[in-house]
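Colleague: I would like to learn how to read a model like this one, feature by feature. Could we go through it slowly?

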Amino acid sequence: MVFDSSDHSDHEQVSYFTDPETGLQAIVAIHDTTLGPSLGGTRMLDYASEDAALEDVLRLSHAMTYKAAAADLPLGGGKAVILGDPDEIDRESLFEAYGRAVDCLAGRYITSVDVNSGVEDMDVIARETDHVVGTSDGLGDPSPITAHGVFHGVRACAESVYGTRSMDGRDVVIQGLGKVGRSLAEELLADGASVTVSDVNDDAVEAFAEEYDVETVEPESVYGQSCDVFAPCAVGGVVNDETIPQLDCDIVAGGANNILAERRHAAVLREQDILYAPDYVINGAGLITVAKEYLGGTREEAYEEAAALGDRLLEMIELADERDTTVLDAADAYAKNRIEGGERTPTILS
């Protein structure tokens, strides 16, 4: 029974949308609106099953609540997934239908770009609803600003481990050469780091390696690549029981969401003297950017606040050291302190 499912127990609203004419199948999960309306991107993936899609959107929306709180934003957490192969759809008609679905939520959920959805798709959604950010009329693609925040987060980790924020001479392995991974690699190279890249897209790896003269590593070998920093910037769940024993690094810090397969892996990394930067803190600049569009602000201000994430992360690292706990615990405490005391709206499953 859907109402008895423990998976939904901490979510305010989980909505399923279908449109037979366009083939739309979407799930919108609103986790918490204590601090404000939920804001989170919409990703499109060819999920193995509906259960897999539901599990993904529930985890992502939960993380968005903490990401907004950790970034000091007056927003709640939500996320959406569209089930399907992004290469086999009529994007315009499908995203128009999806825009009508978002509009049904009357502003409780505000959508934006994510995996396999871009600025052009947000423009289509905007024809049907005002509850969308990341359009071409707004502040544009937040990916470079997300990468800027991750870059400063990596530098903060380096200061904690090595005593300096300079990445000069540091070896960084970047898993995933999407928009965030590529921009992060470029910033790290400009700061003097030695970068090794990996991606399931061989053409993207080859083109980047040729342009920047960097080393590459096959996807199946990326976890065992010796480095100072391992930066996952693709899919989540990559730090797990199978991959942790392979890691040969001092720091795990990247732009992907839900890097840890399970929360307990933060403690496992700590036991192995590997500093883990909570992903919802270090990659929070994407949310900061679309929040600026929603609340009012400029792209330049978003870049400034992205850079400030490094200082906030360093404070959390220092707090974790003081309390002899993980940085994830310290980050959660910060976020919970912001959310605490608010009144949640009734849970709705539709």
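Modeller: We will take confidence, domains, their interface and salt bridges in turn.

Modeller: This is a predicted model, in which local features need pLDDT of at least 70 and side-chain atom pairs count only at pLDDT 80 or more, while totals for chains, interfaces and linings use all residues. Residues are numbered from 1 along each chain as its sequence is written, and side-chain values use heavy atoms, with hydrogens and water left out.

Colleague: What average pLDDT does the protein chain have?

Modeller: The term pLDDT is the predictor's confidence in each residue, from 0 to 100. Here the protein chain averages 93, and 95% of the residues score at least 70. Over residues 342-350, however, the pLDDT is below 50. Where pLDDT is low, the predicted coordinates should not be read in detail.

Colleague: Into which domains is the protein chain divided?

Modeller: Domain bounds come from an automatic or database domain assignment. In this case there are domain 1 (6-65 + 76-126) and domain 2 (142-336), with 25 Å between their centres, taken over C-alpha atoms.

Colleague: How many residues of domain 1 are in contact with domain 2?

Modeller: Contact means heavy atoms within 4.5 Å, and by that rule 11 residues of domain 1 touch 10 residues of domain 2. Buried area is the accessible area (1.4 Å probe) that two parts lose on being put together, summed over both; between these domains it is about 900 Å², of which carbon and sulfur atoms give 61%. Leu39, Arg59 and Ala63 supply 45% of the area that domain 1 buries against domain 2, more than any other three residues.

Colleague: How many salt bridges are counted between domain 1 and domain 2?

Modeller: A salt bridge is a side-chain nitrogen of Lys or Arg within 4 Å of a carboxyl oxygen of Asp or Glu. The count between domain 1 and domain 2 is 0, although the rule gives 23 salt bridges in the model. One of them joins the side chains of Arg100 and Glu128 (3.9 Å, N to O), residues that lie 28 apart in the chain.

Definitions and conventions. Helix = DSSP H or I, 4+ residues; strand = E, 2+ residues; numbered from the N terminus.
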